[in-house]
Amino acid sequence: MLLTDNYKIELLQKLDFLTDRKEEVFHFLSSIVDEVHVAKEAIIFTKGDEGGAVYIIAKGCVQIHDEGHVFVELESGNSFGEYAIIHSELRSASATAKQDSVFLKCTEDHLKLLESKFGIQIIDSILIPLQNIKKRMVDKDLLEEELTRQKLMIDRQRKELESLNATKDKFFSIIAHDLKNPFASLIGASDILVENGDDLSKEQVKTFSSIINQSARQGFRLLENLLEWSRMQTGAIAWKPKVIDLWDLVNESVNLLTGSAEGKDIRLIANVQEDLRVMADPNMINTVVRNLISNAIKFTPHGGEVIVRSHINKQMIEIWVQDNGIGIAPEVMGKLFRIDEQHVQKGTDNETGTGLGLILCKEFVERHHGKIWVDSELGKGSSFKFSLPYSQNQ
């Protein structure tokens, strides 16, 4: 099919950027534009390709689409591709012939010839809309970037508020309940001794004295953790690392807690490699070791065993506190080191606790760029482990 000159002119007069041009402009342009025949389902152009042009449909039908999504179907008399004639990388869609079609193809070169012959400007009428589109795209990207930044900031603030609320709830839980328990036992047992001391046997006095001693120790440990934790929240704890020998530190903690272990007939063993040195804050690491051993004793039955071991794993030293106690259920293990999860379980002698010690351990270990975790099987015992960076040159 060959298009008549009159039909070509009629089609060209429909182009927005040629509005109000003289008749001779259209006559000249109709003589130089290409007549293109395209078979059904042939691709006319795809997004991002080069060599853009304005296409006017003389016959047939075209689908403008992005992959499988069709935006619009255009039929005879319609034009498309205006914004691909310059800076074709801006083209965001593809065009395919829905049926056998015939087009007028007007390229940038054709328009430049027209501008040169008649002393007019046409390219700018296409370029300006392109620049506006590009500007809107940049503005849109900047707006989306700012909205994303604000969303992230709001999300971070929300998480911080949730953490603060969880911290506040934990604090009041400890004050209202857990800190109260050891003092209740302490006061109750001491009241009996004061009021009935003359009537009690030596065994009874020893029993109540033991209750007072255990309650006082429990209250002291809780207050100690509470003080450390509150100082950590306010940033009042100064990190003062130095080279320390883990063998000395672990054995010191084992010696301090041997009395508690013996009270439950538990074997407490330190099996840590000698001359094992790390750069760490001794107070923080001592708190970690002491808490893990205390927990192991708490959840180990009479006659059980608690062993503190050391392992070297590449450039990390690992300290394991293993027991053959009651173990931990899988659904509980993920809650142990989180301030926003409440899980309190009594020990094998009904010892109480807050879970605050493990949260404190996690913060102290991570302050040293280490990690803390637990392996456990319900009814068979637990192994709490933490790692610290290690250098043999220290």
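Figure 1. In helix α3 (residues 108-118), the buried residues are H110, L111, L114 and E115; buried means under 20% relative accessible area, exposed over 50% and partly exposed in between, with a 1.4 Å probe and protein chains only. These four residues lie on the same side of α3 because they cover an arc of only 140° around the axis, the arc being that of the directions from the helix axis to the C-beta atoms. Exposed residues D109, S116 and K117 are carried on the face of α3 turned away from its buried side. G119, with a positive phi near 65°, follows α3. The structure is a predicted model, in which local features need pLDDT of at least 70, side-chain atom pairs count only at pLDDT 80 or more, and totals for chains, interfaces and linings use all residues. Residues are numbered from 1 along each chain as its sequence is written, and side-chain values use heavy atoms, with hydrogens and water left out.

**Figure 2. Buried residues of helix α1 and their cover.** Helices (H or I, at least four residues) and strands (E, at least two) are DSSP runs numbered from the N terminus; the protein has 10 helices and 15 strands. In α1, K8, I9, L11 and L12 are buried. They fall on the same side of α1, because their arc around the axis is only 160°. The cover over these buried residues includes α2, β1 (34-38), β3 (53-59) and β8 (101-107).

**Figure 3. Packing of helix α1 against helix α2.** Helix α1 (residues 5-12) packs with helix α2 (residues 23-32) at an angle of about 115°, the axes being 9 Å apart. Axes are lines fitted to C-alpha atoms, for helices over the stretch in contact, and angles run from 0 to 180 degrees between N-to-C directions. The crossing of α1 past α2 is right-handed; a crossing is right-handed if the near helix is turned clockwise from the far one by less than a right angle, and left-handed if anticlockwise. From α1, K8, I9 and L12 meet E23, F26, H27, L29 and S30 of α2, where contact means heavy atoms within 4.5 Å. This contact has 4 nonpolar, 2 polar and 2 charged residues. Ala, Val, Leu, Ile, Met, Phe, Trp, Tyr, Cys and Pro count as nonpolar, Asp, Glu, Lys and Arg as charged, and the others, Gly among them, as polar. S30 has a relative accessible area of 2% and is therefore buried. Leaving aside neighbours within four places in sequence, S30 touches K8, I9 and L12.

**Figure 4. Packing of helix α7 against helix α8.** α7 passes α8 in a right-handed crossing. Residues of α7 in this contact include L246, V250 and L257, and those of α8 include I285, V289 and I293. By class, the contact has 11 nonpolar, 4 polar and 1 charged residues.

**Figure 5. The largest nonpolar core.** A nonpolar core is a set of buried Ala, Val, Leu, Ile, Met, Phe, Trp, Tyr and Cys residues joined through side-chain atoms within 4.5 Å. The largest has 42 residues, of which L292, I293 and F386 touch the most other members. Elements giving two or more residues to this core include α7 (246-263), α8 (282-298), β13 (316-323) and β15 (381-389). The greatest contribution, 8 residues, comes from α8. Not counting residues up to four places away in sequence, L292 is in contact with V321, L358, C361, I372, F384 and F386. Another core, of 22 residues, lies apart from this one and has L11, V33, C106 and L114 among its members.
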